[in-house]
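Subject: A structure for you to look at

Hello,

Here is the structure I promised to pass on to you. Please open it first, and then read my notes below with the model beside you.

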Amino acid sequence: MAKLPVGDELIFRVAIPVPVYRLFDYLAPVDVELDNIKPGVRLEVPFGKGKKIAFLLEIAGHSELDASKLKRVVRILDHKPLLSTKDLRLLDWASNYYHHPLGEVISAAFPAGLRQGKSVVVQTEKHYALTDLGKVTDSARLQRTPKQKSVLEKFQGCPSCLSEAELSAWNDNWRPTVKQLIARQFLQIELSDARVNSPAALVRNNALQCNPQQQSAIDAVCAGLGRFGVFLLEGVTGSGKTEVYLQIIRTVLERGQQVLILVPEITLTPQLEDRFRQRFAVSIALSHSKLTDKQRQTAWLQMQQNECSIMLGTRSALFTPLKNPGLIILDEEHDASFKQQEGFRFSARDIAVVRGKLLHIPVLLGSATPSLESLHNVDKQRYQLLHLPDRAGNATEPVLQLLDIRNKRMLEGLSESLVEEMHLTLAKNEQVLLFLNRRGFAPTLICHGCGWVARCQRCDANLVIHFDEERLRCHHCGKEQRLMSQCPACKTGELTPLGLGTERVEKVLAELFEDKVSVRLDRDSTQRKGSLENYLRLINQGKVDIILGTQMLAKGHHFPNVTLVAILDVDSGLFSIDFHAPEKLAQMIVQVSGRAGRAEKTGKVIMQTRKPEHPLLTTLIQQGYRSFAKTALAERKEALLPPFSYQALLRVQAADIDAPQFFFQAVTALVQELNTGHTQVLGPVSAPMARRAGHYRYQLLFQTTRRQELHVLLDAIIPEIAKLKQAKKVRWSLDVDPADLY
Ligand code: ADP
Ligand code: ZN
Ligand code: ZN
């Protein structure tokens with residue numbers, strides 16, 4: 001684009017990360033050669049009383065607005081856009097689909113520093129490698145300096161070199177020791193990563209011999225490289241899905257392309273990262289919430305500039321730019337954490353599929369318990385199913401059984417038959433895993449004298465007893481208070497804990513199994529950095545007999561010596577009003593069961609229930625997850641629920657009890673004016689938890705069997721809602737394809 005004569009100003013049309021559904025026009029900066037300025041570059045612009053970072057979308061010849069009123073761009077931050085045209089198109093699509101302001105969507109694609117306008121400096125990380133002396137030195141010689149010995153052994157067990165990030169991931173305190181080893185000439189500093197882009201050295205030769213099912217899954221995906229396609233790898237827990245990923249990734253790397261792997265929560269599954277590091281001799285970029293902003297920015301830029309070929313990350317890593325994309329993998333695709341539940345509410349799985357289509361690359365979704373949506377997409381022949389029906393190696397699948405506990409004597413949630421089974425297992429020196437999805441001591445504190453219950457003053461919820469800390473805590477708003485010893489209502493009655501939490505079970509385990517070691521794994525017990533890793537290590541070293549925990553246990557861990565799994569309270573999942581609940585419960589049961597009998601020993605899974613005839617439980621046990629899913633999909637079809645219809649949920653909350661009502665009156669008027677009649681509008685109704693953290697909560701559900709109609713309505717209505725004066729008095733949000741109705 002040539003520079004126009006003076007007087008004819010060029011207009012920069014930009015997106016700004018603010019909750020406004022439109023773009024903004026600015027005058028082009030003066031004295032800047034505009035020829036090379038492309039959409040996607042970051043700019044600094046005056047906004048309100050301050051300045052904001054904006055993203056250039058278009059350079060236009062004129063503005064609808066009065067040019068004399070327009071302000072001027074302050075400066076241009078990038079020489080070249082950091083996001084490709086295709087990625088900008090993806091973000092534009094996402095902004096339209098989720099009806100979320102484009103500026104905020106683009107902003108979400110960047111790591112925090114770049115979002116705030118930091119300039120792009122790629123920190124070339126230092127790498128360290130063994131010297132020739134280091135290579136031949138027997139580590140036993142360093143017996144008297146154990147730290148140095150362990151670092152030397154780490155290097156000797158590794159490919160050519162290690163980066164600062166890799167060393168930090170291994171041990172927080174590596175620097176002084178590495179320095180000493182450099183002084184002793186066992187190690188040296190290297191300024192670049194010798195491993196980058198040298199395919200010959202990509203893979204260490206420790207791949208497993210695949211079984212025929214694994215091989216055909218690998219072949220199918222590899223044959224699909226270089227074009228779009230979605231594969232659903234359905235494999236029972238322990239069937240070798242990860243091995244399939246690793247071997248496909250190898251092929252992608254050999255083609256000189258990059259791989260993006262998304263997992264639910266890396267910090268919960270450190271073993272996965274280890275497996276990648278053991279297999280690939282290239283450096284691996286990580287992106288998750290436990291890293292610093294700087295580390296995440298470095299990882300993002302390394303992928304953007306093709307200095308790294310593999311990224312392992314959580315949901316927010318989805319938008320990482322790929323210079324040379326080859327494949328996107330989503331492991332545990334059914335997992336709820338792929339859905340962002342606040343701000344820009346998106347499904348990483350669904351956007352990954354759209355991204356694959358734009359980039360002309362395959363997307364591989366994997367799970368032992370695929371989501372009903374993905375199975376439906378297989379039925380519709382949109383996704384190709386790859387099936388691993390058996391466990392890999394010699395491992396066998398666990399046997400599931402229901403334990404009817406009606407009228408049975410219970411010891412803090414454990415039936416006598418379960419305790420007996422536990423003794424039998426422990427006597428064989430095998431491990432037991434107990435699952436209870438409720439942390440704390442007990443979910444309710446009630447007065448035996450007058451019936452008073454400890455409630456949160458800010459939520460419609462009971463306070464949970466945390467006995468060890470002597471506190472009552474609200475699990476919804478975090479408010480807490482001291483555990484009282486006297487009933488505040490009648491002053492005389494005895495306060496009694498009602499119900500079961502992990503802390504309570506832990507106490508009874510200590511009494512019943514005095515000579516055994518148990519650990520409790522939940523959010524409370526693993527808060528300190530490194531404590532989860534530490535517990536996992538003890539478990540795998542066989543120093544723990546009983547593992548007790550919450551859903552944290554359901555995620556991808558390998559406990560080869562666990563042969564008995566018990567789900568203490570399966571019934572609590574059976575009574576939710578949300579139509580997603582059965583699916584989630586079935587997935588949870590199968591995932592927890594999958595922790596049993598991973599090695600040669602067959603495992604057993606016991607579910608304590610008072611509803612032994614419940615069809616969900618019997619179908620799951622007698623016929624397996626696939627039959628359950630088939631039945632559940634048939635029920636959804638009958639009721640015209642997703643994926644046979646499309647939903648969007650408008651949530652509203654306010655501290656003022658009347659404000660939501662006024663808001664909805666205005667919204668209803670808009671709906672009447674703009675709805676063409678094909679979208680059902682249900683509500684407004686109180687949210688299932690009507691008050692939370694002092695806010696009154698309501699919701700309005702849009703539902704239709706014609707997706708296009710829903711989006712036409714939302715396109716028309718959402719920008720209008722944003723302009724309502726009643727909207728200023730409430731907090732509102734739109735959730736397209738809501739994963740739960742809370
Ligand atoms: P998933 O990801 O499906 O749970 P993994 O890939 O973690 O399964 O494999 C489960 C276990 O089986 C691992 O210990 C893995 O090393 C082993 N395994 C995987 N594939 C094979 C194979 N072809 N032969 C022998 N063992 C295998
Ligand atoms: Zn609360
Ligand atoms: Zn009382």
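A word on terms before we start: a residue is called buried when its relative accessible area is under 20%, exposed when that area is over 50%, and partly exposed in between. Please also keep in mind that this is a predicted model.

You will find Arg-707 in helix 21, which covers residues 707-723. Together with Lys-380, Arg-382 and Lys-637, Arg-707 makes up a patch of positive charge on the surface.

Next, the aromatic rings. A pair of such rings is described by how far apart the centres are and by the angle between the planes. Counting rings of Phe, Tyr and Trp whose centres lie within 6.5 Å, there are 15 aromatic pairs. One of them is Phe-55 with Phe-110: the centres are 5.4 Å apart and the planes meet at 5°, so this pair is stacked.

Tyr-98 and Phe-344 give you another arrangement to look at. Their pair is edge-to-face, with 6.0 Å from centre to centre and 75° between the planes. Tyr-98 is in the loop between helix 1 (85-97) and helix 2, and Phe-344 is in the loop between strand 13 (325-331) and helix 12 (348-359), so the pair ties together parts that are 246 residues apart in sequence. Tyr-98 and Phe-344 are buried as well. They also belong to a cluster linked by ring pairs, whose other members are Trp-93, Tyr-97, Phe-319 and Phe-346.

Now for the backbone. Most peptide bonds are trans, and most residues other than glycine have a negative phi. Where does this model have cis bonds? One runs from Pro-642 to Pro-643, with omega near 5°. Pro-643 belongs to the loop between helix 19 (625-638) and strand 29 (646-654). Another joins Gly-683 and Pro-684, where omega is about 5°. Pro-684 is part of strand 30, residues 680-692.

Ala-693 is in the loop between strand 30 and strand 31 (695-704). Its relative accessible area is 26%, so Ala-693 is partly exposed.

Finally, have a look at Val-505 in helix 15, residues 502-512. At 0% relative accessibility, Val-505 counts as buried. From Val-505 to Ala-395 the distance is 30 Å, C-alpha to C-alpha, and the two are 110 residues apart in sequence.

Enjoy exploring, and write back with any questions.

Best wishes

Notes
Residues are numbered from 1 along each chain as its sequence is written. Chains are lettered from A and ligands numbered from 1 in the order in which they are written. This is a predicted model: local features need pLDDT of at least 70, side-chain atom pairs count only at pLDDT 80 or more; totals for chains, interfaces and linings use all residues. Side-chain values use heavy atoms; hydrogens and water are left out. Patches are made of residues with over 30% relative accessible area and no salt bridge: like charges are joined within 9 Å, nonpolar side chains (Val, Leu, Ile, Met, Phe, Trp, Tyr) within 5 Å. Accessible areas come from the Shrake-Rupley method with a 1.4 Å probe; for residues, only the protein chains shown count as cover. A salt bridge is a side-chain nitrogen of Lys or Arg within 4 Å of a carboxyl oxygen of Asp or Glu. Lys and Arg count as positive and Asp and Glu as negative; His and the chain ends are not counted. The place of a charge is taken as NZ of Lys, CZ of Arg, CG of Asp or CD of Glu. Helices (H or I, at least four residues) and strands (E, at least two) are DSSP runs, numbered from the N terminus. Rings of Phe, Tyr and Trp (its six-membered ring) pair if their centres lie within 6.5 Å; planes under 30 degrees apart count as stacked, over 60 as edge-to-face and the rest as tilted. Buried means under 20% relative accessible area, exposed over 50%, partly exposed in between (1.4 Å probe, protein chains only).
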